[in-house]
Amino acid sequence: MTDVHHIQVPLWYLPLLVLIPAAVAAGVVPWLGRRARTRVVPEKDPDWSIPPLADSHGQGISLIHRWDVRCKIVTMLAYSFAIASLRHLSAAAAALCVSLVVLLAAKVSFHKVLLRVFALAGFLGMLLVVMPLTVPVHPGDTILVFGSLDWLNVNLRGVVLAATIAAKAMAIALLMEPLLSTAPLPVTLHGLSRLGVPDMAGQMVLLSYRYLHVFTHEARRMTAGMQARGFEKKTNMATLRALANFLGMIFVRSFERTERVFDAMQARGYNGRFPDPGHLQIQWLDILQTGVWVAAGTALVLFDYVKV
Amino acid sequence: MHISDGVLPIAVTIGGYAVSAGIAAWSARRIHSRDLPKVAVVTSAFFVASLIHIPFGPTSAHLLLPGLAGALLGPAAFLSISLGLFLQSILFQFGGITALGANAVMMGVPAVICGWFFQYFKGRTKARQAFTGGLAGALGTFLSAVFLAGLLMTGGEDFFGVAKIALIAHVPVIVIEGVVSGFTIGFLARVKPALLQPVRSFHD
């Protein structure tokens, strides 16, 4: 285990092992991503419609829907940190399998899960390309050398490292939909505030989540106006200037809107609190479910720790 | 670029949460608690603005806006950016939930620094304000890229290559961000100069 293994591979393996998969990934993933987003705006821009958190899909069906929201948040966040601490590919892959099972059990919208996976694909794809080529060579590493291209050394340790990170990131990302969309956002935030997060933080999240939709709508109207006047995005100074004015206008309107929003809130008797969305009560089933998750997380960490 | 789950060492993610919670508390104390709902509303405007794509040759880049947020919001920018990142994470999965603290430090601290920079050097003329705004925009993105590289490097020497490439990939974004921020500040200086006063934006 002390010296570096070099594996000579014929040059024609290069397209087979690297180029074709990379091209397929680079072509198929964005295409699927575009397909997954329902297009609302007929333009070249990527459509960042704000996805709804917690639609009525499958409301109250699964065990996770019925789980007490405080137990759910604490358990799933702690479990996510446990996953993030794993160091071996096998443990990370096991975590990914657990997440997939949970995803099936939680009965959440498959479409929104796909959007999350595609959002991750860019960063993880970059790691998967860069790490095998840049990881420093340690004793015991295995390196693939393609024919006579001796500058192109693919370090298998880098591949494993990047794959571990990708599995961990996916395992956590797949849990986000069961965590967030199995209860309406106000209930989740109420749970957070009952856990000691300042009330104001939750209120700010609710407010900006609500106005996100307002400003998206406004930005879309302004874009339509610009297009009606013949604006087209190009790589030049005029485009940058037009877009900068566009941003400036969004900010001016938003600052003016804050005043009106605040006045309206005060007129309705806002005194620094929103009304509680409901009563929370922990039952035995909640604690049991938390216990199952803690056991799963501990098992994964132990498995990772024992494996040298 | 946001760091996803599973990249950073676990100690760095927890430390990131601790540091960002501390700075967020400081940031919240710098403004009147009555103004916090307003910060929330402005945050959604920044969120929407950061989704706009700027064409760059065959591809396109989206803005990060730490410089502009700092110039317009001052110390409240940290709160605003943490909130925006939380929303990006829970809505779009941009940036992992475990890395949220580290991401907030990476984007929020440069924003606050840029706010100071802008207020200190903005001068009185509109042209100088636009120029300083441009510098602040470029500085904000540059500092974020440096923080990003630094955070990646906490993962050990295996991540040095990734950190280097992340830095290089930010160079065009720094330029675009600087130019757009300069134009935006110039626009605001002409249209609504009150927004560029130090933290007075909420107190008129």
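Which residue takes a positive phi in the hairpin of β1(B) and β2(B)? In this predicted model, the residue is B:Gly57, with a phi near 60°. The hairpin leaves 2 residues between its strands. Strand β2 of chain B covers residues 59–62. β1(B) and β2(B) pair in the antiparallel sense, over 4 bridges. Within this pairing, B:Phe56 stands opposite B:Thr59 of β2(B).

The contact between the chains was examined next. Chain A contributes 62 residues to the contact, and chain B contributes 56. On the side of chain B that touches chain A, five elements each supply at least two residues: α1 (10–29), α2 (36–50), β1 (53–56), α4 (76–92) and α7 (160–191). The largest share comes from α2(B), with 13 residues. By residue type, this side of chain B divides into 37 nonpolar, 14 polar and 5 charged residues.

Within chain A, two helices pack against each other. Helix α5 spans residues 110–134, and helix α6 spans residues 156–180. Their axes come within 9 Å and cross at roughly 165°. Angles over 145 degrees count as roughly antiparallel, so α5(A) is roughly antiparallel to α6(A). The crossing of α5(A) past α6(A) is right-handed. From α5(A), the contact is made by A:Lys112, A:Val113, A:Arg116, A:Val117, A:Leu120, A:Leu124, A:Leu127, A:Leu128, A:Met131 and A:Pro132. On α6(A), the contact residues include A:Gly158, A:Val159, A:Leu161, A:Ala162, A:Ile165 and A:Ala166. Further along α6(A), A:Ala169, A:Met170, A:Ala173, A:Leu174, A:Met176 and A:Glu177 also take part. The residues of this helix contact divide into 18 nonpolar, 1 polar and 3 charged.

A:Ala169 lies in helix α6 of chain A. Is A:Ala169 buried or exposed? A:Ala169 counts as buried, because 28 C-beta neighbours lie inside 10 Å; the cut-off for a buried residue is 20 or more. Leaving aside residues up to four places away in sequence, A:Ala169 touches A:Leu120 and A:Leu124 in chain A. In chain B, A:Ala169 touches B:Ser4, B:Asp5, B:Gly6 and B:Gly96. A:Ala169 and A:Leu124 are 45 residues apart in sequence. In space, their C-alpha atoms are 8.4 Å apart.

Methods: Residues numbered from 1 in each chain as written. Chains lettered and ligands numbered in written order. Predicted model: local features only at pLDDT ≥ 70, side-chain atom pairs only at ≥ 80, totals over all residues. Axes fitted to C-alpha atoms, helices over the stretch in contact; angles between N-to-C directions. Parallel < 35°, antiparallel > 145°, perpendicular 65-115°, else oblique. Left-handed = near helix turned anticlockwise from the far one by under 90°. Contact = placed C-beta atoms within 7 Å. Nonpolar A, V, L, I, M, F, W, Y, C, P; charged D, E, K, R; others polar. Buried ≥ 20, exposed ≤ 12 C-beta atoms within 10 Å, placed from the backbone. Pairing = 2+ DSSP bridges.
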